[in-house]
Amino acid sequence: MSENAEGAQTIEDVGLLHDQIAAALRERFGASLKTVDEYDPVNAQEGGIKTPAVLLELVEIRPAGRVTGGRTPVELAWSAHCVLSVATDNVQREVRNFATQVLCLFDGNRFGLGEAVERAAELEAFPGMFKPGDKGFESWIVNWKQKAHLGDLWQLPDDPVPGEVIIGPAPPE
């Protein structure tokens, strides 16, 4: 978080808000929360995660009007996937309790970023994905929106090795 020349609080990028949300979850649930990570459906098949878990996903970014003072407001739509193992006693009830506690933690929270972000709003929770079986899981998703005021410090990161990427089906080897 920083202050621009006009004294308005801003964040450099949305990664800072993500980190603060993760820190709030770790503080609230302590060591019993085994995983706080990014939601990554592309690599979901690569391995398991330790539960209880919260997987954070930035779902949508929209412009949020115009303000003065060198700030660019954006509305961020977030999802927190609350995940428990099917081995958890009363898993259906406990995953709902888990999502309820996450929703309460997020309600109105600025995550320590002061005026650089507005209070979390438009919260809701609903059932997410599930997988039965020995290594299965139950999940609920907590959604919310939050406006953030970005400064103009962010720069495109250096790609260590400029190269080609494949977009679409992989070419034949």
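Two strands count as paired if DSSP finds at least two bridges between them. Strands themselves are DSSP runs of E at least two residues long, numbered from the N terminus. The model looked at here is predicted, so local features need pLDDT of at least 70 and side-chain atom pairs count only at pLDDT 80 or more, while totals for chains, interfaces and linings use all residues. Residues are numbered from 1 along each chain as its sequence is written, and side-chain values use heavy atoms, with hydrogens and water left out.

With that settled, on to the sheet. It is an open one of 5 strands, in the order β3-β4-β5-β7-β6, and its pairing is mixed. β3 (35-38) and β6 (121-131) sit at the edges with a single partner strand each, so one side of each has no neighbour in the sheet. From one strand to the next, the twist averages 25° (axes are lines fitted to C-alpha atoms, and angles run from 0 to 180 degrees between N-to-C directions).

Strand β5 (residues 72-85) is largely enclosed by the rest of the structure, because 13 of its 14 residues are buried (under 20% relative accessible area, with a 1.4 Å probe and protein chains only). Strand β4 (residues 53-63) runs antiparallel to β5, and the two pair over 10 bridges; here Ile61 has Leu76 in β5 as its bridge partner. β5 is also joined to β7 by 14 bridges, again antiparallel, and Leu84 stands opposite Glu138 in β7.

Strand β7 (residues 137-150) pairs with β6 too, in the antiparallel sense over 7 bridges. Glu124 faces Asn143 of β7 as its opposite residue.

Methods
Helix = DSSP H or I, 4+ residues; strand = E, 2+ residues; numbered from the N terminus. Buried < 20%, exposed > 50% of the residue type's maximum accessible area, 1.4 Å probe, protein only.
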